[in-house]
Amino acid sequence: MTGPVESFDADWLSLREPADAAARSRHLAHMLDAWLAGRSGVSITDLGAGTGSAMRWLAPRLTLSQQWCLVDGDDRLLNRARLAVPAGVSALDTHVADLRDADLAAVFGGGDVVSASALLDLVSSAWINRLVAACAETGTAAWLTLSVDGADTWFPPLRGDWAAGRAFARDQGRDKGFGPSLGAKAVSYAAKRFRAAGFKVGTAKSDWNLGPDSGALQRELLRGHAAAAMAADPARGRLYETWAHRRLKAIGAGRARVRIGHTDLLALPG
Ligand SMILES: C[S@@+](CC[C@H](N)C(=O)[O-])C[C@H]1O[C@@H](n2cnc3c(N)ncnc32)[C@H](O)[C@@H]1O
């Protein structure tokens with residue numbers, strides 16, 4: 001593969017971390033913890049780990065002590081992850097790698113769990129096939145969280161909601177370096193492939209529910225949605241500008257809420 005790795009801003013990842021933490025499925029984490037019982041220790045590799053948000057959430061919820069390896073294409077994000085080691089983590093390693101072409105079995109094989117948070121919707125069906133094949137070959141469980149599923153609701157309802165949603169969904173299918181992204185279809189596709197490979201699969205909703213106390217996150221989210229809608233459908237640029245302007249006013253007035261649909265997935269080797 002050529003071209004740079006799609007970049008993500010550390011401030012954006014920090015801004016979303018509390019909403020991610022509130023949304024992740026406790027039930028699936030509990031199932032993973034039960035599956036890991038009896039081991040002397042646990043080894044977890046987080047793909048596209050960013051600043052380590054998934055580790056900070058999961059590590060203190062697991063009974064056994066863990067070794068984590070955080071893998072990302074951006075070493076500036078990984079540097080932030082190294083600043084603090086959360087409770088439950090006995091060893092923390094980071095590894096800079098471009099996951100587009102990486103031999104995934106070599107990246108996480110030999111460990112117990114592979115994790116990916118807010119990554120699955122960026123990748124293609126071919127990449128998910130490679131992930132499932134690597135998990136099956138190495139007997140690794142997959143904990144794949146916070147993948148967008150398209151079930152978004154904006155309040156108050158405004159003219160432009162429907163068109164902006166459609167244009168945003170089109171942008172989500174853009175190639176982010178892994179081939180055409182599956183976007184909202186990623187979780188159902190991955191669930192099907194893991195089941196076909198003999199894994200026991202559980203899914204659970206992990207929506208963001210953002211209200212007036214999440215104004216900064218709502219604003220950034222809205223800017224991202226509007227920019228993506230404009231890029232995907234420039235002919236309706238004025239509509240999206242007006243839509244974003246009205247919604248920003250509603251956020252400023254403390255009247256705006258948004259639900260962004262996500263789904264978590266846990267796949268356990270059979
Ligand atoms: C949406 S962010 C999620 C970060 C983190 N998992 C979280 O939940 O906060 C996607 C992450 O994938 C990484 N990424 C994107 N493309 C990549 C690639 N080709 N190779 C390695 N990492 C990549 C980005 O650097 C970024 O940290």
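## Helix H1 against helix H9

Helix H1 crosses helix H9 in a left-handed sense, where a crossing is called left-handed if the near helix is turned anticlockwise from the far one by less than a right angle, and right-handed if it is turned clockwise. The structure is a predicted model, in which local features need pLDDT of at least 70 and side-chain atom pairs count only at pLDDT 80 or more, while totals for chains, interfaces and linings use all residues. Residues are numbered from 1 along each chain as its sequence is written. Helices (H or I, at least four residues) and strands (E, at least two) are DSSP runs, numbered from the N terminus.

H1 covers residues 10-23 and H9 covers residues 215-232, and the two pack at an angle of about 120 degrees with their axes 10 Å apart; here the axes are lines fitted to C-alpha atoms, for helices over the stretch in contact, and angles run from 0 to 180 degrees between N-to-C directions. H1 and H9 are therefore oblique to each other, given that angles under 35 degrees count as roughly parallel, over 145 as roughly antiparallel, 65 to 115 as roughly perpendicular and the rest as oblique. On the H1 side, Trp12, Leu15, Arg16 and Ala19 meet Ala216, Leu217 and Glu220 of H9, with residues taken to be in contact if their C-beta atoms, placed from the backbone, lie within 7 Å. Sorted by class, the contact of H1 with H9 has five nonpolar, no polar and two charged residues, where Ala, Val, Leu, Ile, Met, Phe, Trp, Tyr, Cys and Pro count as nonpolar, Asp, Glu, Lys and Arg as charged, and the others, Gly among them, as polar.

## The chain as a whole

The chain has 10 helices and 10 strands, and its C-alpha trace spans about 55 × 35 × 35 Å along the principal axes. For 270 residues a compact globule would have a radius of gyration near 18 Å, and the 19 Å of the chain agrees with this; the radius is taken over C-alpha atoms, and the globule rule is 2.2 Å times the number of residues to the power 0.38.

Buried residues make up 41% of the 270 residues, a residue being buried if 20 or more other C-beta atoms lie within 10 Å of its own, exposed if 12 or fewer do, and partly exposed in between, with C-beta atoms placed from the backbone. Of the contacts with a separation of 6 or more, 83% are accounted for by residues 24 or more positions apart.

## Two further helix pairs

H9 also packs with helix H10 (residues 237-252), at an angle of about 175 degrees and with axes 9 Å apart, and these two helices are therefore roughly antiparallel to each other. From H9 the contact draws on Gly215, Gln218, Arg219, Leu222, Ala226, Ala229 and Met230, and from H10 on Gly237, Tyr240, Trp243, Ala244, Arg247, Leu248 and Ile251. The contact of H9 with H10 has nine nonpolar, three polar and two charged residues.

The axes of H6 and helix H8 (residues 186-196) come within 10 Å and cross at roughly 35 degrees, and H6 passes H8 in a right-handed crossing. Ser125, Ile128, Asn129 and Val132 of H6 make this contact with Ala186, Tyr189, Ala190, Arg193 and Phe194 of H8, and the residues involved divide into six nonpolar, two polar and one charged.

Leucine 144 lies in strand S5 and is buried, with 28 other C-beta atoms within 10 Å. Leaving aside its neighbours within four places in sequence, leucine 144 is in contact with Ala116, Leu120, Ala190 and Leu265. The C-alpha atoms of leucine 144 and threonine 203 are separated by 9.4 Å, although the two residues are 59 residues apart along the chain.

Arginine 24, in the loop between H1 and helix H2 (26-36), is buried as well, with 23 other C-beta atoms within 10 Å. Residues up to four places away in sequence not being counted, arginine 24 touches Trp57, Thr145, Leu146, Ser206 and Asp264. Its C-alpha atom and that of aspartate 207, 183 residues apart along the chain, are separated by 8.0 Å.

## Backbone exceptions

Most residues other than glycine have a negative phi, and most peptide bonds are trans. Leucine 146, which is among the residues touched by arginine 24, has a positive phi near 55 degrees; leucine 146 has its place in strand S5 (residues 141-148) and is buried, with 26 other C-beta atoms within 10 Å. Alanine 118 has a positive phi of about 55 degrees although it is not a glycine; alanine 118 lies in the loop between strand S4 (113-117) and helix H6 (125-138), and is buried, with 20 other C-beta atoms within 10 Å.

The peptide bond from phenylalanine 155 to proline 156 is cis, with omega near 0 degrees, and proline 156 is found in the loop between strand S6 (153-155) and helix H7 (161-172).

Notes. Two residues are in contact if their C-beta atoms, placed from the backbone, lie within 7 Å.
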